[in-house]
Amino acid sequence: MKSVKIGGAKAEDGVNCRVTMWANGAVIIPNGPAYDKCALTAYKGENFTGDTKEFEINTYHNNLGTWDNSIRSFKLKKGYMATLANNANGTGYSRVFIAADEDLEVPVMPEGMEKFVSFVRVFRWNYTSKKGKANGYGEKDILNITCNYDWNVGGKSDDPDVEYSPIRQNLGWPSWNDINSKSGVTHLLGCNEPDRPDQANVSVDAVIEMWPEMLKSGLRLGSPAPSSVWVWNGDFFNLIEQLGYRCDFAVAHIYEENKNGASLVDRIKTLSNKGKGRPVWITEWNNGANWTNEYWPTAKGPKCDANSNIIYNEDGSTTEITRPLSKANAEKQRQFMAEALPALDKCDLLERYFEYDWVQDCRALVLGGELTPAGKVYGDHKAALSYHKMERPWEEWKICPPFPIMDIDNDYRNITVRWYDHNGETGKKYILERRMDDETDFTTCREFILGTDYEAGATVKFTEAIPCISKVEYRIKAISYKDTESIYSRVKTFVRDAAIAAPTLKGEAISTKIIKLTWNNVDGAKAYRIERSVKNTEGFEVVADNLNKTEWQDVNLQPNTTYFYRAYSLNSAAERPVSEVVEVKTKAFGIPEDMHQVRISAGSGSASLRWAFAYDTFYRIMRADKSDGEFNVIAEKVDATSFIDSNLKNGQTYFYKVQPWNEAGSGNETTVLEATPQAGKYLHLAFDENEGSVSYDEWGPYDGTFLNSTVFTEGRNSGYAAKLTKNSKSYIDLGKGTVSRLEDFTIATWIKLPGGKGRVFDFGSGTGIFMIAAAGGSNMKYKITCAKGAFDFTVPMKWSTTEWNHVVITQQGAEMKVYLNGELAGEGDNAKLIYPKDMGETTHNWLGRSQWAQDAYCDHVYDDFRIYDRAISSDDVKTLYADGELTFNDSSTGIESFKKETSSVKGIYNLSGMKVNKPGKGFYIIDGKKKLLRSK
């Protein structure tokens, strides 16, 4: 760059030029930043005549004003990409134009755009090579890749050496807002492995219904990537072709066994054929996978490093694995890569390939941060430029049928046929045709006129009462602005259900306010309806509808009152039978029975009481300073099964009684319960019960409930532990608000990770509010996100998959630390001071389960899970690792503690009376009192 001048001036990236990748090197593009503001010039006349308008990059130009539908020609500067579309939201007929080799001049707009452009979005074009790696950004320098994706939308997209591509991983995630606001990207990938139940798991029809949202980004679009080049691709592109939806390249994964360079290219050609000639991206590939059965010289053997040296454990033993990176296996993979890469580069149909590394060590490019022999071949390989000009017949405009979707309302009495208008302003109208019962021909049911019955790019709807005796079919065709007709859409067929029986209804009162109704499962029923009356034969009203279970509770009723119920089985049959009327009377109030399963535990400054649930009961909490002293009421009307008494003095013993009561009177008090709060203690699950399905919290109210085959098993030190089973979707639920009282904290646990990864814990209220620790093979990620903000950091972790791991996470103000087996593993700076309590009262607080439903469960084993309400020291961590217990004395002195960042005091003074502006941890005078500063 020092010797390069542009127009006599020194070349400066971002000032008078743009420096970006060019295959395996770099290119200097003059006037880069200046051209960003005028990358595309549009004209109101053909052949570049008339008024002009310049379009800058990245902006969604979707409110064109006088330029709406007025672009008649345009010029796109070299080094840029532009997407033009019929509809202002980016949908409808659209095309991507790429000026890769020279300025692109379009003197006359293509058919379908000659007077129908309402959306423009322009991007910088990147000259990537074909070579990438799935989730490979961290290895970009040793593998020399120029493109990357990570099954998400959060990757780094401002690196001039590596282009990042986001993905719509499944139908629900990442969000469209995150995708459409992502800067520095030019391509968007469709769903990952839609054919697999453990991945996107979605049908072609469902993806097609989603596809208009993909179009709104204006990005160059890749198809969903099934796990192999099979039927899914063909079905998808057949529909895309019929509907005229834009999809710019075909995507798949290739893991078939016994492939070589030539057979890989054959698979790419097959995929392109299924994609109607489109170029191809292979977003995951390797020389087979852990589920394929090809021959490897070393089928099993000791785990090796990147240089095929055997790795020995601390005790001198080795770890046997399937298909290790032995010298023979390494050479087999090296030869495969040496042959495959040149073949892939010579295939002009292939734009990009992303090697996937996590399919056994024998196939890895990188192990332990070092290149394997195959990795060296991959890293040294100089891949070709990714993009090639080619004929693109699939981009030509045609009037297209819609993709109709048929719905039945919750009453099973009305049909709605709806479709997205992809034709936009190039369409004039839709004709809906119908054929019923024994009719031989379709007849016009209704016409929908653009501008009168629907708006361009909107959803068109038609609803009618079920018109048939047995069957009705619908189909649709479109009429273009040129009065040409589309082919017909797919036929949507509705068949009336067969007549069914009424349910047999039963009812019982379970409290003064609740009646439980149950009924049999009726063959052919799609849902059930419940009606209620206070009279036996009249005045029935619907109280529950479209129920898909065979029981329901009617709540908020009056005590000692008779109610009448009847039930319907629902489907689309013309007749709808009703059950016999059931008469049920709610219970009258009675004095509560004795309480059961009453427990108490003591933590830091608090005592936690809980008991078994009972209907129609409130609870009175009483406390005394002595077991035989005077008990005073501290809570009169507790409508729950737990109570936390806070602001207690650590080291002092408190005594409690609980008494149930209701309108009929008070029940018997419990025996005296005793608790002595201890500083620092917040939650402790020892998992030593070895029976039942609950591990009781010894310090707080957060008992761990075992769900989905979680069981007790052999633990450490002759104790017991909690074992999860991935295939059973096991996890442990800690109840509501587990960390809602925490600021600074320590979370510590012993854990076995047979699978090597997965959630250690996930505390939150869904995918928008959560605090997680997730093991990731060779690392662990901590993340917290809530309304206050988000923070995350990842630390390297040498997890054992066979032995116990001791994990500790601490937060003290902004300082985050992670320890593994007594030693510091990594640190993070939580600058926004986001604490667990900032999430509010979280509802999903789990061990071994994620807030994301699609995430895998785990085979974890937990022992001694504990939380402290402060960050413990490194010495304390070592004490826990050595199975010692911690004691804290800050509260036993009677001295109050505080944290500066949460304090509202105006003055902080040292013990000599001098004002302190930047106090560290220690004792100070605050408001005339001696207090302990816990953290900065």
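**Reading loops, helix pairs and a sheet**

Tutor: Asparagine 135 lies in the loop between strand E12 (131–134) and helix H2 (140–143). Keep in mind that this is a predicted model.

Student: What is the phi of asparagine 135?

Tutor: The general idea comes before the case. Most residues other than glycine have a negative phi, and most peptide bonds are trans. Asparagine 135 has a phi near 50°, which is positive, and the residue is not a glycine.

Student: Is asparagine 135 buried, exposed or partly exposed?

Tutor: Its relative accessibility is 40%, so asparagine 135 counts as partly exposed. Buried means under 20% and exposed means over 50%.

Student: Which residue has a positive phi of about 65°?

Tutor: That is serine 308, again not a glycine. Serine 308 sits in the loop between strand E19 (300–302) and strand E20 (320–322). The relative accessible area of serine 308 is 11%, so this residue is buried.

Student: Where is there a cis peptide bond?

Tutor: The cis bond joins tryptophan 173 and proline 174, and omega there is about -5°. Proline 174 belongs to the loop between strand E14 (163–164) and helix H3 (176–180).

Student: Now the helices. How are two packed helices described?

Tutor: By the angle between their axes and the distance between the axes. Take helix H4 (residues 204–215) and helix H5 (residues 231–243): they pack at an angle of about 40°, and their axes are 10 Å apart. H4 and H5 are therefore oblique to each other. Their crossing is right-handed.

Student: Which residues in H4 meet residues in H5?

Tutor: From H4 there are Val204, Asp205, Val207, Ile208 and Trp211; from H5 there are Trp232, Asp235, Phe236, Leu239, Ile240 and Leu243. By type, the residues of this contact are nine nonpolar, no polar and two charged.

Student: At roughly what angle do the axes of H6 and H7 cross?

Tutor: The axes of helix H6 (residues 261–274) and helix H7 (residues 327–346) cross at roughly 40° and come within 8 Å. H6 and H7 are oblique to each other, therefore. The crossing of H6 and H7 is right-handed. On the H6 side the contact is made by Gly261, Leu264, Val265 and Ile268, and on the H7 side by Phe336, Glu339, Ala340, Ala343 and Leu344. The residues of the H6 and H7 contact are seven nonpolar, one polar and one charged.

Student: Next, the sheet. What order do the strands of the open sheet have?

Tutor: The order of the four strands is E34-E33-E36-E37, and the pairing is antiparallel. E34 and strand E37 (582–585) are at the edges, each with a single partner strand, so one side of each has no neighbour in the sheet. From one strand to the next, the twist averages 25°.

Student: How many bridges pair E36 and E37?

Tutor: Strand E36 (residues 562–570) pairs with E37 over four bridges, in the antiparallel sense. Tyrosine 563 is opposite valine 584 in E37.

Student: Where is glycine 539 found?

Tutor: Glycine 539 is in the loop between strand E33 (527–533) and strand E34 (541–547). The relative accessible area of glycine 539 is 55%, so this residue is exposed.

Student: Which residues is glycine 539 in contact with, leaving aside neighbours within four places in sequence?

Tutor: Arg532 and Ser533. As for distance, the C-alpha atoms of glycine 539 and proline 324 are separated by 75 Å, and the two residues are 215 residues apart along the chain.

Notes. Residues are numbered from 1 along each chain as its sequence is written. This is a predicted model: local features need pLDDT of at least 70, side-chain atom pairs count only at pLDDT 80 or more; totals for chains, interfaces and linings use all residues. Side-chain values use heavy atoms; hydrogens and water are left out. Helices (H or I, at least four residues) and strands (E, at least two) are DSSP runs, numbered from the N terminus. Buried means under 20% relative accessible area, exposed over 50%, partly exposed in between (1.4 Å probe, protein chains only). Contact means heavy atoms within 4.5 Å. Two strands pair if DSSP finds at least two bridges between them. Axes are lines fitted to C-alpha atoms, for helices over the stretch in contact, and angles run from 0 to 180 degrees between N-to-C directions. Angles under 35 degrees count as roughly parallel, over 145 as roughly antiparallel, 65 to 115 as roughly perpendicular and the rest as oblique. A crossing is left-handed if the near helix is turned anticlockwise from the far one by less than a right angle, and right-handed if clockwise. Ala, Val, Leu, Ile, Met, Phe, Trp, Tyr, Cys and Pro count as nonpolar, Asp, Glu, Lys and Arg as charged, and the others, Gly among them, as polar.
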